[in-house]
Amino acid sequence: MAMPLSSISIPVSVEVSVSEVIEGIFEIEGVLTYADETLSLDYQTSGLGSQKATIETSQWPLSEVREVVLKGWMLGAKIVLYPRRLATLAQMPWSSGEEIVLRVKRRHRSEAAALVAHLQQVLSERTGDALSSIPFQLPDANYGLTEIKGLVYLDEEFLVFEVGTGWSGGFRKERQTIKIELRALKEMRLDRGVLSDRLCVRPKKRDLFQVMPGSYKGKEELQLKTRKRDREHAAQLVYEMRRLRRTLGPTDSGHGRDT
C-alpha cells in the first residue's frame with residue numbers, strides 16, 4: 001500500500017561542498033520527512049574512516065519554501081528546495097548556497113516524484129503570499145573567484161536584498177540583509193533576455209552601492225540577473241514596487257543594513 005502524502009519519508013543524501021570537505025566531512029546522509037505541513041531532515045555526518053556522528057534534525061514549515069523541483073539524473077534524482085528567506089538555510093550548518101539539494105537514489109525516485117508533485121500543488125494554491133521573493137545573481141567579483149547571490153523581495157515600504165557572498169565552487173557564504181526605502185529609488189524595471197533576465201534597480205543616491213557586495217564604480221543601477229522561469233514573479237515585483245512607491249512621499253535617504 002502506498003504511503004499517504006500527508007506523511008512520507010524518503011532516504012536522501014546531501015551534496016557535500018568544498019567547505020565540508022575542508023572541515024573533514026565527506027558524507028551527509030539522512031531521511032527527509034513531510035508531515036503536518038512541515039519538512040524535516042534527520043541526518044548524520046561522517047568523515048573518511050570515522051564513525052557516523054549523532055543524528056541531528058533540521059525542520060522548516062512548508063510556508064518557508066518558495067519552490068520545490070525534482071531534477072533527474074542518470075542514477076537517481078535531486079529534490080531541490082528554494083527557501084523564501086536565506087534565514088531558513090541558517091538551520092542547516094552544511095548549507096553553502098541559496099538552495100537545499102537532496103540526492104535521491106534511483107529506487108526511491110517514484111516516492112520523490114510523488115512528494116514533489118504534492119508539494120508543488122500545495123504551493124501553487126497559495127497565491128498572493130507577501131513572502132514571495134526572487135532569486136538573483138550579481139556579477140562575480142575578484143576576477144570570478146567570488147560569487148554573489150541572493151533573494152530580493154518587498155517588505156512593507158522597503159526593498160530587501162538578502163545577499164550571500166563566498167568563494168566560487170561551494171565555499172560557505174557570508175550572508176547579510178540590506179534594505180532600501182522605496183522612496184529612495186528612482187526606478188526599477190525588468191529587462192527581458194534570451195537566456196536570462198535583468199532586474200534593474202536604480203537608487204537616487206549611491207548609498208546602496210556602498211553597502212552592496214561587489215564593485216559598482218561608475219554604475220548607476222544594480223543589475224540583478226534573474227531566471228526566465230521567475231519572469232512573471234519578477235514583473236509582479238516591479239509592478240507592486242511602483243504601485244507602493246506612488247503612495248509614498250519623496251525622501252532624501254533611506255537605506256539600512258542588518259547583518
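**Close-up views of a predicted model**

**Helix α2 and the strands that cover it.** The cover over the buried residues of α2 includes β1, β2, β3, β5, β6 and β7. Here helices (H or I, at least four residues) and strands (E, at least two) are DSSP runs numbered from the N terminus; buried means under 20% relative accessible area, exposed over 50%, and partly exposed in between, with a 1.4 Å probe and protein chains only. The model is predicted, so local features require pLDDT of at least 70 and side-chain atom pairs count only at pLDDT 80 or more, whereas totals for chains, interfaces and linings use all residues. Residues are numbered from 1 along each chain as its sequence is written, and side-chain values use heavy atoms, with hydrogens and water left out. Helix α2 (residues 109-124) lies across β1, β2 (27-35), β3 (38-46), β5, β6 (76-83) and β7, and runs at about 150° to β5. Axes are lines fitted to C-alpha atoms, for helices over the stretch in contact, and angles run from 0 to 180 degrees between N-to-C directions. Ala112, Leu115, Val116, Leu119, Val122 and Leu123 are the buried residues of α2. Seen down the axis of α2, these buried residues fall within an arc of 125° and therefore line one face of the helix; the arc is that of the directions from the helix axis to the C-beta atoms. The 16 residues of α2 should span 22 Å at 1.5 Å a residue, and this agrees with the 22 Å between its end C-alpha atoms. The expected span is 1.5 Å times one less than the number of residues in the helix.

Strands of a sheet pair through backbone hydrogen bonds, either parallel or antiparallel. In this open sheet, 7 strands follow the order β4-β3-β2-β1-β7-β6-β5 with antiparallel pairing; two strands pair if DSSP finds at least two bridges between them. Strand β1 (residues 7-14) pairs with strand β7 (residues 100-105) in the antiparallel sense over 2 bridges, and serine 13 stands opposite arginine 103 in β7.

**The hairpin of β5 and β6.** Strands β5 and β6 run antiparallel and are joined by 8 bridges. The hairpin that they form has 2 residues between the strands. Valine 69 has valine 80 of β6 as its bridge partner.

**Strand β14 and threonine 226.** Threonine 226 belongs to strand β14 (residues 222-227) and counts as buried because its relative accessibility is 2%. Leaving aside neighbours within four places in sequence, threonine 226 is in contact with Ile134, Pro135, Phe136, Leu190, Ser196, Asp197, Arg198 and Leu199, where contact means heavy atoms within 4.5 Å. Strands β13 and β14 run antiparallel and are joined by 6 bridges. Among these residues, glutamine 223 in β14 is the bridge partner of cysteine 200.

**Phenylalanine 136 in strand β8.** Phenylalanine 136 lies in β8 (residues 134-141) and is buried, with a relative accessible area of 4%. Its contacts, neighbours within four places in sequence left aside, are Lys149, Gly150, Leu151, Val152, Phe161, Glu162, Val163, Leu224, Lys225 and Thr226. The C-alpha atoms of phenylalanine 136 and valine 163 are separated by 9.0 Å, although the two residues are 27 residues apart along the chain.

**Helix α4 and its two faces.** In α4, the residues Ala234, Leu237, Val238, Met241 and Leu244 are buried. They cover an arc of only 135° around the axis, which puts them on the same side of α4. The exposed residues Glu232, Tyr239 and Arg246 are carried by the face turned away from this buried side. At 1.5 Å a residue, the 16 residues of α4 (residues 231-246) should span 22 Å, which agrees with the 23 Å between its end C-alpha atoms.

**Overview and confidence.** The protein contains 4 helices and 15 strands, and 44% of its 259 residues count as buried. Its mean pLDDT is 82, with 78% of residues reaching 70 or more; pLDDT is the predictor's confidence in each residue, from 0 to 100. Confidence is lowest in helix α1 (residues 18-22), at a mean of 51, and highest in strand β13 (residues 196-203), at 96.
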